[in-house]
Amino acid sequence: MVGSEWLSEITVPEVVDVRETVTLSCSYDMGTHKLNSVKWYKDEREFFRYSPMMPTNLMTFDVDGVTVLQNSTVQICNQFICSIQLHKLNIRSSGSYRCEISGDAPEFKLAHGVGNMTVAVYPQFDPIINGLQHNGVQHNYALGDFVVANCSSDMSSPPARLYWFINDRNVPSEYLQPQHETTVENEGFLLRYRTLEIRFYIDEKRLGKLKGKLMLKCLARIETIPQATKESTQIIYIPTTDELRNQKLINWRGSDDAFHTINPSPINFTLDELAGR
């Protein structure tokens, strides 16, 4: 929100990851006036000041949840713009950030803009799909088989919602089991991870023509933070009817050849020797 014709723009990211270094910026047009100061506040407490007409023109002040990155290459404050960076974010870094500009004497006119920032914990890793492999080797599947798999999201705050897709189509709700959630508290954040199980038969009547494979995708999405979306995909290879028929033919031919290459051992003893045994 911009509160004066002097202030052109204020930039405060709405949602950020706790691991990020964030940039706050405001630009202004002083016209014929000289810039007296630019001040940054969090929840009405000043934490940064730029005063170009003072011997010490940059000052920082201790405010809980706010750590200004010193000697940042992005930090620049002059007659037109003031950009700073914050790092070492935590749950107390969320709040209202205000940029306030004052002109020179005699009016010392003020202008300000406000932006709200929420600090979240984004998932770092893609969701994990379990149940389709054993010791890193995929289970063998065929038409009519029953598939059971679990998808688990990475910890995050807010939690991610899980979605299953088969060949890029959202699965019917009857394929899904009730979702489980686990909560862990860490540095003030309530971190949650979720697990969603899918169960279904490999059935072309319901899934459509498979063309030898099924692509299972699990997507973890935080609805309010689309940029934090993560996904994982696994492919199930399914022999087609023709492939099964050819394999059976190969197996049959192999067994027939083995039968014809058996050479019976010659009889090297007499009937008298046999009777004496």
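1. Disulfides. Three disulfides are present in this predicted model. A disulfide is a covalent bond between the sulfur atoms of two cysteines. With the bonded cysteines of the protein numbered in sequence order, the pairing reads 1-4, 2-3, 5-6.

2. Cys-26 and Cys-99. The sulfur atoms of Cys-26 and Cys-99 lie 2.0 Å apart and form a disulfide. Cys-26 belongs to strand β3 (residues 22-28) and Cys-99 to strand β9 (residues 95-103), so the bond ties together parts that are 73 residues apart in sequence. Cys-26 is buried, its relative accessible area being 0%. Cys-99 also counts as buried, at 0% relative accessibility.

3. Cys-77 and Cys-82. A further disulfide joins Cys-77 to Cys-82, with an S to S distance of 2.1 Å. The torsion about this S-S bond is about 50°, and the disulfide of Cys-77 and Cys-82 is therefore right-handed. Are these two cysteines buried or exposed? Cys-77 is buried, with a relative accessible area of 15%, and Cys-82 is buried, with a value of 0%.

4. Cys-151 and Cys-218. In this disulfide the sulfur atoms of Cys-151 and Cys-218 are 1.8 Å apart. The torsion about the S-S bond is -80°, and the link of Cys-151 and Cys-218 is left-handed. Since Cys-151 lies in strand β14 (residues 146-152) and Cys-218 in strand β19 (residues 213-221), the pair ties together parts that are 67 residues apart in sequence. Both Cys-151 and Cys-218 are buried.

5. Strand β15 and its neighbours. Strand β19, which holds Cys-218, is joined to β15 by six bridges, and the two strands run antiparallel. Within this pairing, Tyr-163 has Leu-219 of β19 as its bridge partner. Strand β15 also pairs with strand β16 (residues 169-170) in the antiparallel sense, over two bridges. Why can β15 be called largely enclosed by the rest of the structure? Five of the six residues of β15 (residues 161-166) are buried, which is the reason for that description.

6. The hairpin of β15 and β16. Ile-166 stands opposite Arg-169 in β16. The hairpin of β15 and β16 has two residues between the strands, and Asn-167 takes a positive phi near 50° there.

7. Salt bridges. Side chains of opposite charge can pair when their charged atoms come close. The model contains 10 salt bridges. One of them is formed by the side chains of Arg-98 and Glu-100, at 2.9 Å from N to O. Both Arg-98 and Glu-100 are buried.

8. Glu-181 and its arginine partners. The side chains of Glu-181 and Arg-192 meet in a salt bridge with an N to O distance of 3.2 Å. Glu-181 lies in strand β17 (residues 180-186) and Arg-192 in strand β18 (residues 189-201), so this pair ties together parts that are 11 residues apart in sequence. Glu-181 is partly exposed, with a relative accessible area of 40%; Arg-192 is likewise partly exposed, with 23%. Glu-181 also forms a salt bridge with Arg-194, the closest N and O atoms being 2.6 Å apart. This pair links distant parts of the chain, with Glu-181 in strand β17 and Arg-194 in strand β18, 13 residues apart. Arg-194 has 17% relative accessibility and thus counts as buried, because buried means under 20%.

Key
Residues are numbered from 1 along each chain as its sequence is written. This is a predicted model: local features need pLDDT of at least 70, side-chain atom pairs count only at pLDDT 80 or more; totals for chains, interfaces and linings use all residues. Side-chain values use heavy atoms; hydrogens and water are left out. A disulfide is a pair of cysteine sulfur atoms within 2.5 Å. Helices (H or I, at least four residues) and strands (E, at least two) are DSSP runs, numbered from the N terminus. Buried means under 20% relative accessible area, exposed over 50%, partly exposed in between (1.4 Å probe, protein chains only). Two strands pair if DSSP finds at least two bridges between them. A salt bridge is a side-chain nitrogen of Lys or Arg within 4 Å of a carboxyl oxygen of Asp or Glu.
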